[in-house]
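Open your viewer and keep the sequence beside it. This tour tells you what to select and what sits there.

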Amino acid sequence: MTVHITPRRTYYLVFAVLMILTATTTGVAFIDMGPFNVVVALFIASIKAVLVVLFFMHVLHVTNLTKVFVAAGIVWLAILIALTLNDYLTRGWDPISRPF
Amino acid sequence: MSPIVTELPKIHYLNAAYGLKSWLLTTDHKRIAILYLITVTLYFFLGGFFALLVRLELMTPASDLLRPETYNRMFTMHGIVMIFFFLIPAIPAIIGNFVIPMMLGARDLAFPRLNLLSWYLFMAGGLFTLYVVVIGGVDTGWTFYVPYSSVYSNSYVVATGLGVFITGFSSILTGLNFVVTTHTMRAPGLTWGRLPLFMWSLYATSLVQILGTPVLAIAVALVGIERIWRVGIFDPSLGGDPILYQHLFWFYSHPAVYIMVLPAFGVVSELVQTFSRKRIFGYKFVAGASIGIAVYGFLVWGHHMFTTRQSVYAGLIFSFLSYFIAVPSGIKVFNWTATLYKGSVSYQTPMLYTFGFIGLFTIGGLTGLFLAAMGLDLHVHDTYFVVAHFHYIMVGGTVMAYLGAIHYYWPKMTGRLYPDAWGRFAALLVFVGFNLTFFPQFLAGYLGMPRRYAAYPEEFHLLNVMSTAGASVLAVGYLVPLIYLLWSLRHAPLAGPNPWGARGLEWQTPSPPPTFNFEKTPIVTDETYEYSLEEEEVV
Amino acid sequence: MSTRWRRRKLSESTNALAHQFDDLEQQARSNTLGMWAFLATEVLFFGGLFTAYVVYRHAFPEAFAVGSKHMDVVAGTVNTAVLIASSLMMALAVQSAQLGLRRPLIMFLLLTMTLGAVFLGIKAWEYHHKYVENLVPGVNFVWEGPLRNQVQMLFLLYFIMTGTHALHMVIGICLLTYLVLGARRGRFSREYFFPVEIIGLYWHFVDLVWIFLFPLLYLIGLHL
C-alpha cells in the first residue's frame, strides 16, 4: 500500500484560505442581505468544510469506499433535516394544524 | 448428515484458557458471543417477567392486581428491556459475533477489543436499567414521550435514559465492527456476490445501527437535560415543541425495528436453504432487498406520528412512503417460499421456527400496511391492534428466528446436539402460545381497546383472558429450551463439524471451533449454497 | 525541513500488526474505515442538535437574531481561527508521523493541544460572561425584552451545542495526550502511524462542527 504525503505548501495554502474565509464570513455578516445572509453564511461554511475534509482529512486521496462512508453521514443528516422540515414547513397549509 | 463423532476437539475456544479473567478480558469473538448469550438470555426472562405481570393484570377488566401507576411501570420496563436489551442485540451480538468471522474465513472481527468494549457498554447500560428496576422503575412508556417524561413523570427517567444512551453505543460499535469487517476481512475469493445472505442482512443491520442510533442518543440526552435543568427544548410552555422530540426519537426508532428484524431475515435465509437443501431463489434480490430495507427504512418514521400535530401533508408523504417498504419484505417472503418449492425439506427444530417466522412475520407485515394508511391509523393508533402488529413481527418473527438460530448454531457453539424431539415440542408450544396470545389482540384493538391501560371495558374481557392464557403457554415454550439446551451441554451426543450438512465456511471448522477459527485462511472458489454437490464433498 | 509530494511503501512490520489482520495494509484500511464510520455517527449525533436548531430558528427568526447579538463575535471569530490553526498543526503532526519524524510529531501534537486549550479557555471566558449577564437558561436566565421564551431557546441551543462540542474537544485533548505519550515511547514509525492518523481525523471533525456552529450561533443578527 502506498501512503500519499501531502506537501506542506498545500496545508499552508489551505490554512490561509480558511483564515480568509473566516474573516469574510464575519465581515459579510454585518451587511444586510435579508434572507441571503444565512445562505451566504452556510455557503462559506460549506466551502471551509470541504477544504478541511478534502485536504486536512485527506479525503481527496482516499479510496472510493471511504468517500462513500464520508458521503453517507452527510446524506443521512440531510434526510433527518429534510423530512423533519417537511413537517414544520407545511404546518400552516391547512386550517387544522396551526403554524408552529 | 455427518458420521457419528466420538470426541470433541482437544483444544477449542471454550477450554483454550480457564478462569474468570480469561473470559472477562477475552478478545475472542466467540467468547464474547457467549458472554452476550448469557446476559441477553437473562434480560429476555426479565422482560418476560414484566410481560407476565402485564398479562396477569389484564386478565380482569379492573385495575385490581396492580395500581395504574405500577402497571405503567410494568409495560414500560417490559418494552425497554425487551427492545434495548434483547431484540436489538440478540441476533447480531450473539449469532453475528459468533459466526461472522467464520463465515468470512477470518480469524476474528476487525476490532476485537472494540467488540469486548461493546459488551461492557451493554452491561453498563443494562446495570443502570436493573438499578432503575430495583429502585422503582420508569412509567413513561418505552417511547419516553415529552413533556411527560421531561417534566411531569415521578419516575427514574434520567437513570433509564442514561442506560439506554450507554447501550446505544454498544449497538453502534458492534455495527461499526461488522461493517468494517465485511469490507476488509473477507477471505480470498469471497466476493460480495458469494457472501452468505446472513452477512448481507447483518451488514444492512449494521448500517442502520451506525446511522440511526446517534439520533436516539441525542434525543434521550435532550430529555435528560430538560429534566435536570428544567429548561424547555420540548416544553410547550417554554416555547418548545414536543413533536420535535418525536421526530428525533422515531428517526431512530423506526429504523430500529429493522435492526430487530433484518438479522432475523438473515437467519431465515440461511435456515431455509440448509433445510430444503436448495440454493436460495433469487440471491441477488434477497441481498438487495436487505440493503433496500435498511436505507428506505429511514424515510418513513412519521407514520408513528399520524395522530400528533405533525402536518397532514407530511403525514401524507410518510404514509405514501411507508407502503413501499412492504415491497422488499415481500420479495424476501416470496423468495424463501420459492426456495422451499421442489426442495428436499426436513422438519428439524430450526426449520419449524423458520416456518413459524415466514407465516407470522407475513401477518405482522401485512398489518403494517393497515397502519401505514393514515386514515385507518387514526382509529387504531395506540390500540391493541398496533401492539399485536409489532408483536407478530418481533415475537412471531424475530424471537422465532432467534430460537431457530440458537438451535441451528448450538452444535457449532457447544459441540453438542440438543434433543430434537424436545426442540420440536417447544417450537410447537411457542407457535400455539404465540397465536393464542396475540391474535385476540388484533381483534381487541380493532374493536377499540386502547394500549397502556391497566383497566379496560368489560366487553374486552374474553379476548384478554385468551391472550393471557396464550401467554402462559408461550412462557412454558420459552422455558423448555432453556432446560434441554443446558442439559445437552453434558449429556447430549457430540455434533461434529457439520451436523446439518450445511454449506458455508463456518461449517468447515470443528465444533466447538478453535480460538483462531482456521488453520490457514481458506480460499473460496465456489458460489454459496452449492447444494448440488455430493454429500461426501461437504465435510 | 521540506517534503516533496511523493509516495511511499508500507513495509510489513510485525510488532505493530494486530493478530486478526494479515498485513499492515489491511489494518490501515480497517482503521480508516472504522474511524470514518464513527465520524458518521458523530455527524448524526450533532445532526440531531442541528435539526433542533433549524426547527426553532425557522419558528423564531427575530428572537434568534436578537439573542445572537449578545454573542461575542470577536471571541467567536478568534476561536474559529484558533481551531483552524489547531487543525493545521494536527495535519502537520499526521504528516510527521507518516514520515517517521518523532520530534516534529510530538511538537505538532503539543501545539495542537495548546491551541485546543486556548479555544476552551476562550469558551470558558464566554460562558462566564454569559453567567454574569444572566443569560444561562435553567440557571439564571433573565430577559427583559419581548419573546423571552424564544430568545431563551437560542441560548439553550447555544449552551447545549457548544457544550457538546467542548466536551468532544476535551476528549480530543485526552486522545492527543495519549498520542504524545506513545510518541515519546517511540511507538510510531513510518510503517505504523495509524493511531495518529485516525485521531487526527477525529480532531478535524471537531473543527468541522465548529465551522458550522460559529455562523449559526454568532452571526445571525449582526446585520440588523
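**Stops along chain B**

Start with B:Pro147, in the loop between helix 5 (112-135) and helix 6 (148-152) of chain B. Helices here are DSSP runs of H or I with at least four residues, while strands are runs of E with at least two, both numbered from the N terminus. Show the backbone: the peptide bond from B:Val146 to B:Pro147 is cis, and omega is near 0°.

Before moving on, note that this is a predicted model, in which local features need pLDDT of at least 70, side-chain atom pairs count only at pLDDT 80 or more, and totals for chains, interfaces and linings use all residues. Residues are numbered from 1 along each chain as its sequence is written, and chains are lettered from A and ligands numbered from 1 in the order in which they are written.

Next, select B:Asp382. You are in the loop between helix 14 (374-380) and helix 15 (384-414) of chain B. Is B:Asp382 buried, exposed or partly exposed? B:Asp382 counts as partly exposed because it has 14 C-beta neighbours inside 10 Å. The cut-offs: buried means 20 or more other C-beta atoms within 10 Å of the residue's own, exposed means 12 or fewer, and partly exposed lies in between, with C-beta atoms placed from the backbone.

Now go to B:Pro512, in the segment after helix 17 (461-491) of chain B. The peptide bond from B:Ser511 to B:Pro512 is cis, with omega near -10°.

Finish at B:Asn517, found in the segment after helix 17 of chain B. Its phi is positive, near 70°, in a residue other than glycine. B:Asn517 has 24 C-beta neighbours inside 10 Å, so it counts as buried.
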